[in-house]
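Q: I would like to go through this model with you. Could we begin with the core and then turn to the sheet and the ligand?

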Amino acid sequence: MVKIIMHGCNGKMGQVITRLVAEDEGAVIVAGIDTYTGIENPYPVYKSLEECEEEADVVIDFSNAKAVDGLLNMCADRKLPVVLCTTGLSEEQIALVEETAKKTAVLKSANMSLGINLLLKLLKEAAKVLAPAGYDMEIVEKHHNKKVDAPSGTALALADSLNEAAGGVYEYKYDRSSERVARDKKEIGISAVRGGTIVGEHEVLFAGEDEVIEFCHTAYSKAVFGKGALEAAKFLAGKEAGKYDMSDVIQF
Ligand SMILES: NC(=O)C1=CN([C@@H]2O[C@H](COP(=O)(O)OP(=O)(O)OC[C@H]3O[C@@H](n4cnc5c(N)ncnc54)[C@H](O)[C@@H]3O)[C@@H](O)[C@H]2O)C=CC1
Ligand SMILES: O=C(O)C1=N[C@H](C(=O)O)C[C@H](O)C1
């Protein structure tokens with residue numbers, strides 16, 4: 001039985017995980033952490049990880065970028081593996097992830113779904129052929145109106161995947177409104193749309209002369225992320241210090 005601390009337990013994803021774990025005989029949430037305490041849960045909830053004394057095998061985090069420094073420092077001190085799903089991290093925080101991974105196991109992924117993780121792989125093949133052939137690469141992501149970070153962590157991961165396959169020479173362009181110049185060949189455009197209850201949509205376009213190839217992923221429910229996070233937590237429990245991602249969990 002994998003014992004989980006749910007960091008951000010009272011948020012939308014925290015509650016999805018709470019429901020999934022309740023139906024899973026191989027896992028249990030031993031405590032939740034959240035600054036908001038207005039929800040009843042079948043486990044004790046603390047306002048910070050410092051207050052939590054329950055023994056656990058792993059932390060699942062779906063919270064807020066502002067909460068991530070404290071979380072990583074506590075996980076490093078307690079040698080507690082952590083599945084880090086929160087997006088919108090700064091460069092300094094990404095460096096802190098690397099430091100933390102020297103002391104405990106850290107699995108960081110901007111998107112826990114099988115579909116996006118397969119797409120990250122497929123895009124590399126497409127970019128290897130289409131980028132040298134001069135196709136422009138653009139990403140459009142759409143999310144609900146409660147999302148605070150833009151572009152999405154997934155859009156950035158997709159861009160990194162394209163850029164890596166295309167030689168690492170691309171710059172990311174988030175806004176074209178401040179200049180009057182034609183598109184540079186060595187840029188990947190990333191556009192963010194926010195509205196209603198859109199769970200998460202990502203489109204990657206390869207636009208060439210007289211043809212466009214599009215790869216699309218649509219999440220119809222947050223459960224796709226929750227299932228992936230739970231699988232990742234089971235994988236990470238008991239692992240030695242190091243940095244992991246969903247490609248370690250999903251065998252294609
Ligand atoms: N990697 C993935 O597959 C996915 C990642 N996400 C990311 O996960 C994060 C959370 O998403 P949602 O659940 O939709 O957001 P949410 O806003 O519904 O939930 C966040 C929760 O974190 C809590 N929180 C804030 N500060 C905290 C602190 N210092 N300590 C503990 N808890 C704290 C909030 O009170 C709230 O209950 C976002 O960054 C989102 O982009 C969301 C879905 C999938
Ligand atoms: O905030 C969300 O909802 C999501 N965030 C992640 C991201 O920023 O990529 C993953 C998913 O698309 C949902």
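Q: How many residues does the largest nonpolar core have, and which have the most contacts inside it?
A: This is a predicted model, in which local features need pLDDT of at least 70 and side-chain atom pairs count only at pLDDT 80 or more, while totals for chains, interfaces and linings use all residues. Residues are numbered from 1 along each chain as its sequence is written, and chains are lettered from A and ligands numbered from 1 in the order in which they are written. The largest nonpolar core has 47 residues, and those with the most contacts inside it are I4, I60, V83, A229, A232 and A233. A nonpolar core is a set of buried Ala, Val, Leu, Ile, Met, Phe, Trp, Tyr and Cys residues joined through C-beta atoms within 7 Å; buried means that 20 or more other C-beta atoms, placed from the backbone, lie within 10 Å of the residue's own.

Q: Which helix gives the largest share of this core?
A: Helix 6 (residues 223-236) does, with 8 residues. Helices (H or I, at least four residues) and strands (E, at least two) are DSSP runs, numbered from the N terminus.

Q: Which other core is there?
A: Another core, of 21 residues, lies apart from the largest one and includes A110, I116, Y135 and I190.

Q: Now the sheet: in what order do the strands come?
A: The order is 8-9-7-10-11, in an open sheet of 5 strands with mixed pairing. Two strands pair if DSSP finds at least two bridges between them. Strand 8 (171-173) and strand 11 (211-219) are the edge strands, each pairing on one side only.

Q: Parallel or antiparallel for strand 7 with strand 10, and with strand 9?
A: Strand 7 (residues 136-143) pairs with strand 10 (residues 200-208) in the antiparallel sense over 7 bridges, whereas its pairing with strand 9 is parallel, over 7 bridges. E138 stands opposite L205 in strand 10 and opposite G189 in strand 9.

Q: What stands opposite K173?
A: K173 stands opposite G189 in strand 9. Strands 8 and 9 run parallel and are joined by 3 bridges.

Q: Finally, which residues are around ligand 2?
A: They are T87, A110, N111, H143, K147, S152, G153, T154 and G200, each with its C-beta atom, placed from the backbone, within 6 Å of the ligand. By class, 1 is nonpolar, 7 are polar and 1 is charged. Here Ala, Val, Leu, Ile, Met, Phe, Trp, Tyr, Cys and Pro count as nonpolar, Asp, Glu, Lys and Arg as charged, and the others, Gly among them, as polar.

Technical notes. A residue is buried if 20 or more other C-beta atoms lie within 10 Å of its own, exposed if 12 or fewer, and partly exposed in between; C-beta atoms are placed from the backbone.
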